[in-house]
Amino acid sequence: MSSRPPEAPLKALTDLDHRIEAAVGRSVDTLWEQCDRGLLDESHTRLVEAHRALVQAVTGVTFYRTLLGRLAGGEFPVDQALFDRIDRTVGQLEEAAGTRDERQKATVAVLERVEADAPRANPAGVELSAPDFAALLAIARGAHLRRHLLTNQLSVVTASGTRIPPSVLGRLEKNGLVERDTAHPAIAGQRVTLTDAGRTTLTGRRPEGAAATRPPPRAGAWPAPRARN
C-alpha cells in the first residue's frame, strides 16, 4: 500500500468553500474553471491558487487519516512492522495537518482582501444590521434548524458551532435571504441555505460594524445588537 498522498489537487471540500462562494457570487467549480480560462483578475486568481493549495492539503490529511484507519482496522498482522507504520503515518498526518492549517490561513488572508474589495452597492436592496449580516455569513458556511425533542425549543446551529436565535432566522427569511428545507421535520433538522438574494447581499455592501477583519464569535455565542439610547 502506498503511503504517499496524491499529487494532484483533487476537488475536496474545505471549511472556506461556502465563504468563498458567498464572496465571489459563484460556485468554487465555476471559479476554478474561469481561472483556468484566464478570465479572472489578479485578486481572484490569487484566491483560486491559494484555495487549490488548501484543497491539496485537505486531500493529504484525508489520505493519511484513511491510511491510519486501515492500519488500525485489523487488516494487517499486529507486529513491530505494523507499529512502525502506524508511528510513521501518525507523523505524516500531523505534518499534513500543519500544512493544511498554514494554507488555510493563507487562503483566508487572500479571501479577506477579496471581501474587502466587494462592490459597495447592495443589488438585493436589503439593509441588514451588523448582527444579522454576521448571521447571514455564518449560515452561508452551513446551518441547520433543529427543534429540541423535550423542550420543543428551536435553534439554528451553524457549521462553526455558533447558535443563531430563531428571531434572527425569521428576519432573514422574511427578507427572502435564506430558506429552509421543509421536506424534513425540525426535530430531524432542517438545512438552512442562502437564496440568490442572500448571496447577492453577502457580496454587496457590508453594514456598519461588520468589517471583514472582525474575528468570528466564539462557539455558542452570538453578537447582541447595540442598545439604543
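Biologist: Just after H2, which residue takes a positive phi?
Modeller: This is a predicted model, in which local features need pLDDT of at least 70, side-chain atom pairs count only at pLDDT 80 or more, and totals for chains, interfaces and linings use all residues. Residues are numbered from 1 along each chain as its sequence is written, and side-chain values use heavy atoms, with hydrogens and water left out. Helices (H or I, at least four residues) and strands (E, at least two) are DSSP runs numbered from the N terminus. With a phi of about 70°, the residue just after H2 is Gly 38.

Biologist: In what order do the elements of the protein run from the N terminus on?
Modeller: The protein has seven helices and five strands. Starting at the N terminus, these elements follow one another as α-α-α-α-α-β-β-β-α-β-β-α.

Biologist: What percentage of contacts between residues at least 6 apart in sequence joins residues at least 24 apart?
Modeller: Contact here means heavy atoms within 4.5 Å. Among contacts in the protein between residues at least 6 apart in sequence, the share that joins residues at least 24 apart is 66%.

Biologist: How many of the eight residues of H1 are buried?
Modeller: A residue is buried under 20% relative accessible area, exposed over 50% and partly exposed in between, with a 1.4 Å probe and protein chains only. In H1, the buried residues are Asp 17, Arg 19, Ile 20, Ala 22, Ala 23 and Val 24. Their cover includes H2, H3, helix H4 (80-116), H5 and helix H7 (196-202). H1 is thus mostly covered, and of its eight residues the number buried is six.

Biologist: Which residues of H3 make the contact with H1?
Modeller: Helix H1 (residues 17-24) and helix H3 (residues 42-71) pack with their axes 13 Å apart and at an angle of about 170°; axes are lines fitted to C-alpha atoms, for helices over the stretch in contact, and angles run from 0 to 180 degrees between N-to-C directions. H1 is therefore roughly antiparallel to H3, given that angles under 35 degrees count as roughly parallel, over 145 as roughly antiparallel, 65 to 115 as roughly perpendicular and the rest as oblique. On the H1 side the contact is made by Asp 17, Ile 20 and Val 24, and on the H3 side by His 44, Leu 47 and His 51.

Biologist: Why do the buried residues of H2 lie on the same side of that helix?
Modeller: In helix H2 (residues 28-36), Val 28, Leu 31, Trp 32 and Cys 35 are buried, and the buried residues pack against H1 and H3.

Biologist: Which residue in E5 is the bridge partner of Ala 143?
Modeller: Strand E1 (residues 143-147) and E5 pair in the antiparallel sense over three bridges. E5 (residues 190-194) has an uncovered face of Arg 191 and Thr 193, and a covered one of Gln 190, Val 192 and Leu 194. Strand E4 (residues 178-180) is also joined to E5 by three bridges and runs antiparallel to it, with Val 178 opposite Leu 194. The bridge partner of Ala 143 is Val 192.

Biologist: How many nonpolar residues has the contact of H5 with H6?
Modeller: The two helices pack at an angle of about 85°, with axes 10 Å apart, which means that H5 is roughly perpendicular to H6. Asp 132, Ala 135, Leu 136 and Ile 139 in H5 meet Val 168, Arg 171 and Leu 172 in H6. Ala, Val, Leu, Ile, Met, Phe, Trp, Tyr, Cys and Pro count as nonpolar, Asp, Glu, Lys and Arg as charged, and the others, Gly among them, as polar. By class, the contact has two charged residues, no polar ones, and a nonpolar count of five.

Biologist: What is the relative accessible area of Asp 132?
Modeller: Asp 132 is placed in helix H5. Not counting residues up to four places away in sequence, Asp 132 touches Val 168, Arg 171 and Leu 172. Asp 132 is buried, and its relative accessible area is 7%.

Note on methods. Two strands pair if DSSP finds at least two bridges between them.
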